[in-house]
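This report covers core packing and aromatic contacts in one protein model.

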Amino acid sequence: MQYIILITMLFLNPADDDGSMLKVDTYYGKPLVFTSLEECIQHVKINEQDLKDYAKYYYRNISGSSVNKILCVNRNDYV
């Protein structure tokens, strides 16, 4: 199996929430895919602040957005 990182967000204005999750499967143009859940979780632990900063930057135009959860999921389960 292969695992990727998903980041869910919270929004102060419910109208800003489109229900999508931020998929993190590349890093500087290179694939960011893990062969085990443990490997993915370890990467998230080491890079948690960078992942949060990336999500905040991605949603920078939406006032009041904040990171809810950072998840490792099976790549095949997320389309």
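The sections below treat the basis of the values, the core and the rings in turn.

## Basis

The model is predicted: local features need pLDDT of at least 70, side-chain atom pairs count only at pLDDT 80 or more, and totals for chains, interfaces and linings use all residues. Residues are numbered from 1 along each chain as its sequence is written, and side-chain values use heavy atoms, with hydrogens and water left out.

## Nonpolar core

A nonpolar core is a set of buried Ala, Val, Leu, Ile, Met, Phe, Trp, Tyr and Cys residues joined through side-chain atoms within 4.5 Å; buried means under 20% relative accessible area, exposed over 50%, partly exposed in between (1.4 Å probe, protein chains only). The largest such core has 17 residues, of which I5, I7, M9, L51 and I70 touch the most other members. At least two core residues come from each of strand 1 (3-11), strand 2 (22-24), helix 1 (37-46), helix 2 (48-58) and strand 5 (65-74). Strand 1 gives the largest share, 5 residues. Helices (H or I, at least four residues) and strands (E, at least two) are DSSP runs, numbered from the N terminus.

## Aromatic pairs

Rings of Phe, Tyr and Trp (its six-membered ring) pair if their centres lie within 6.5 Å; planes under 30 degrees apart count as stacked, over 60 as edge-to-face and the rest as tilted. The whole structure holds 4 aromatic pairs. F11 and Y59 are edge-to-face, because their ring centres are 5.5 Å apart and their planes stand at 75°. Both F11 and Y59 are buried.

Y54 and Y58 form a tilted pair, 6.3 Å centre to centre with 45° between the planes. F11, Y54, Y58 and Y59 make up one aromatic cluster.
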